[in-house]
Amino acid sequence: MNHVQALIDAIGEGAVFALIAVGIGLVFGVLRLINFAYGQLIMVAAYALAFPGNWPDAASIGLAVLAAVVASLVMERIAFRPLRTADPSTMLVATFAIAYLLQNGALLQYTYRQQGGLGDSIGTLSGLNQAVTIGSLHIRWVTFLAIGAGLVSLGGLALILTRTSIGLQMRAASMDFRTARLLGVKADTVIMAAVAISGVLAAVAAVVLSISSTSVNPTTGFQETIFVLVGVVAGGIDRLVSATLGAFAIGFAIELVGTELPNSGATPFTSNVYMPSVIYLAVIVVLLLRPAGLFARRGQRTVERV
Amino acid sequence: MNAQPVLEVDDLWVHYGTVPAVRKLGLTVGGGEIVGLIGPNGAGKSTTLHAIVGLVPARSGDIRLRGASILGRKPETIARAGISLVPEGRRIFAQLTVEENLRLGLVARTGHNDADRDLGWIEELFPVVREFRARQAGTLSGGQQQQLAIARALVAGPDVLLLDEPSLGLAPTIVDVVFGALTDIRERGVTVLLVEQRAQRTVALADRTYVMTNGEIRMTLTPADADDTERIIAAYMAS
Ligand SMILES: Nc1ncnc2c1ncn2[C@@H]1O[C@H](COP(=O)(O)OP(=O)(O)OP(=O)(O)O)[C@@H](O)[C@H]1O
Ligand SMILES: [Mg+2]
């Protein structure tokens, strides 16, 4: 029964990773840009959750969404837009720079606040850390929230992409931006829509992560984003669905391996200290066998940028 | 020329790096006309169209739509202003359905009210787009994809339709369909600028055909020249 519980927890972790992957993948679709600063959007949203202290949960979640969307749009406006026609590597370096800037900005504020530890506690929806007991299973509510939020967010996004005009325009722009523009699709509008939605998803991920960790610090979102990027690349970044599946698989594997392995072991492969190495090794093998990604369709060509 | 100019290009220069691909090009397309632009590979025909729709910047010169300069505007702005390009190689969205491709055509449309009426005649002109509405566009044949590409450009309700080698790689019967459609399209009030390699057919169809070689317009032909194969060949050779 213990294994079933581990499985459910792993699905929860996978769901959060999937959300992050979609946030990154949407922007990649329209900009051909891997945003390494995505984790810091999650961090910004988490700080927004910590900020008001005694606000009602709904209000602080609203603030977190607002903060992540605004931060995401500002990032696009001041960094991505001027670099839109630049080399992909220039854009990549720019997102690294933004990630460091935001992380260090978060660090710096502790100096001004003269606070001892590098962290703020978050009480939003903390009741969801309690577990429900079903037979011999003890599942925390936040796990259900993670799975539910993942399903609702991804389902909502799927509706936007397939049922609305802006969604159709975003899909067309991801496939062939130049032709989309020839049909009147406004480049700035679709990019801002993708960037804004990715901000919303960052906030949703921040809420779920903050409930579990009950705190935020300058590294919040960093580790998850790195793992997600690994999953996205392994899954195949050229399609949103495969990138999402890749990230889900990584989240699922990390959680499962993490709970099934002891924290310290006599031999390397029985300790989760080595888990990142094991994951990276698996990814290298995947990319050697299927360079386009685990879930990518065969014979798929990469698309040009704007 | 029997009509107000809708599209005017004046002394246009376009460079790729330091190499000029279009040189001192001037052309005029009057309302309701079909104007041809022919020339050998690499003459600069596609570059001319790309400059008109804002895909490549002009080094100098001017491009006017209904008298107002559109030089330096974004492609999406120009599309919304009333110029639709059917690009070389069709460029339909293969993973989207035929219907979704057509819906994308509506994006550039400024007056949304009479879209249904326009869709009516466009589907009549190209029945395949109605028949295969729900199909993935990538599963259509080359000829069907070309018809979809033209239909998609038309649902935008453009004043000017630019076509870049629409008959390329098509079976003769489909070439007839495409050329036949251009006459109907003109009758609907859409002005046409047709880039083609099929010199003789283009000269016969168009009110005027410019012959372009090496980035420059060398000659203007009329339908009367259509049977004068030697003159067309001479125009091609004049480089
Ligand atoms: N993106 C580009 N970068 C550099 N040079 C280009 C580019 N596109 C076209 N050229 C060059 O510009 C010239 C004109 O090309 P263009 O595509 O306009 O010719 P075309 O008349 O359309 O030819 P075709 O009939 O083969 O389509 C050619 O010499 C071509 O090599
Ligand atoms: Mg060409």
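# Ligand sites and salt bridges in a predicted model

Glu88(B) has a relative accessibility of 35% and counts as partly exposed (buried is under 20% relative accessible area, exposed over 50%, partly exposed in between, with a 1.4 Å probe and protein chains only). This is a predicted model, in which local features need pLDDT of at least 70 and side-chain atom pairs pLDDT 80 or more, while totals for chains, interfaces and linings use all residues. Residues are numbered from 1 along each chain as its sequence is written, chains are lettered from A and ligands numbered from 1 in the order in which they are written, and side-chain values use heavy atoms, without hydrogens or water.

**The magnesium ion**

- Ser46(B), through OG, and Glu88(B), through OE, coordinate the magnesium ion (ligand 2) at 1.9 to 2.6 Å (donors are N, O and S atoms within 2.8 Å of the metal, or 3.2 Å for Na, K and Ca; water is not among the atoms, so sites may look incomplete).
- These two residues connect distant parts of the chain, being 42 residues apart: Ser46(B) belongs to helix H1 (residues 45-52) of chain B, and Glu88(B) to the loop between strand S6 (83-86) and helix H3 (98-105) of chain B (helices, H or I of at least four residues, and strands, E of at least two, are DSSP runs numbered from the N terminus).
- Ser46(B) is buried because its relative accessible area is 19%.

**Around ligand 1**

- Ligand 1 has 13 residues around it, and those that come nearest are Asn41(B), Gly42(B), Lys45(B), Ser46(B) and Thr47(B) (a residue is near if one of its heavy atoms lies within 4 Å).
- Helix H1(B) gives the most to this shell, with 3 residues.
- Sorted by class, the shell holds 6 polar, 4 nonpolar and 3 charged residues.
- The side chain of Lys45(B) places an N or O atom 2.8 Å from an oxygen atom of ligand 1.
- For Thr47(B), a polar side-chain atom is 2.5 Å from an oxygen atom of ligand 1.
- Gln197(B) also takes part, with a side-chain N or O atom 2.9 Å from an oxygen atom of ligand 1.
- On its own, ligand 1 has 630 Å² of accessible area, and the protein covers 57% of that (areas come from the Shrake-Rupley method with a 1.4 Å probe).

**Salt bridges**

- The count over all chains comes to 24 salt bridges (a side-chain nitrogen of Lys or Arg within 4 Å of a carboxyl oxygen of Asp or Glu).
- In chain A, Glu76(A) pairs with Arg84(A) in a salt bridge whose closest N and O atoms are 3.2 Å apart.
- Glu76(A) counts as buried because its relative accessibility is 1%; Arg84(A) is buried too, at 12% relative accessible area.
- In chain B, Glu33(B) forms a salt bridge with Arg208(B), with the closest N and O atoms 2.6 Å apart.
- That pair links distant parts of the chain, 175 residues apart: Glu33(B) is in the loop between strand S2 (19-30) and strand S3 (34-38) of chain B, and Arg208(B) in strand S9 (residues 208-213) of chain B.
- Both Glu33(B) and Arg208(B) are buried.
- Arg186(B) and Asp207(B) make another salt bridge, their closest N and O atoms lying 3.0 Å apart.
- Here the partners are 21 residues apart and again link distant parts of the chain, with Arg186(B) in helix H7 (residues 172-187) of chain B and Asp207(B) in the loop between helix H8 (199-205) and S9 of chain B.
- Arg186(B) is partly exposed, since its relative accessibility is 23%, and Asp207(B) is partly exposed at 31% relative accessible area.
- Elsewhere, salt bridges with shared partners join Glu76(A), Arg81(A), Arg84(A), Asp188(A) and Lys74(B) into one network.

**Backbone points to look at**

- Most residues other than glycine have a negative phi.
- Arg91(B), which is not a glycine, has a positive phi of about 55 degrees.
- Arg91(B) sits in the loop between S6 and H3 of chain B, and is partly exposed because its relative accessible area is 29%.
- Asn214(B) is not a glycine either, yet has a positive phi of about 50 degrees.
- Asn214(B) lies in the loop between S9 and strand S10 (216-221) of chain B, and counts as partly exposed at 42% relative accessibility.

**One more buried residue**

- Val128(B) is part of helix H5 (residues 127-131) of chain B, and counts as buried because its relative accessibility is 16%.
- From Val128(B) to Gly143(B) the C-alpha to C-alpha distance is 9.9 Å, and the two are 15 residues apart in sequence.

Conventions: A polar contact is a pair of N or O atoms within 3.5 Å; within protein, one must be able to donate a hydrogen and the other to accept it, and residues adjacent in sequence count only if both atoms are side-chain atoms. Ala, Val, Leu, Ile, Met, Phe, Trp, Tyr, Cys and Pro count as nonpolar, Asp, Glu, Lys and Arg as charged, and the others, Gly among them, as polar.
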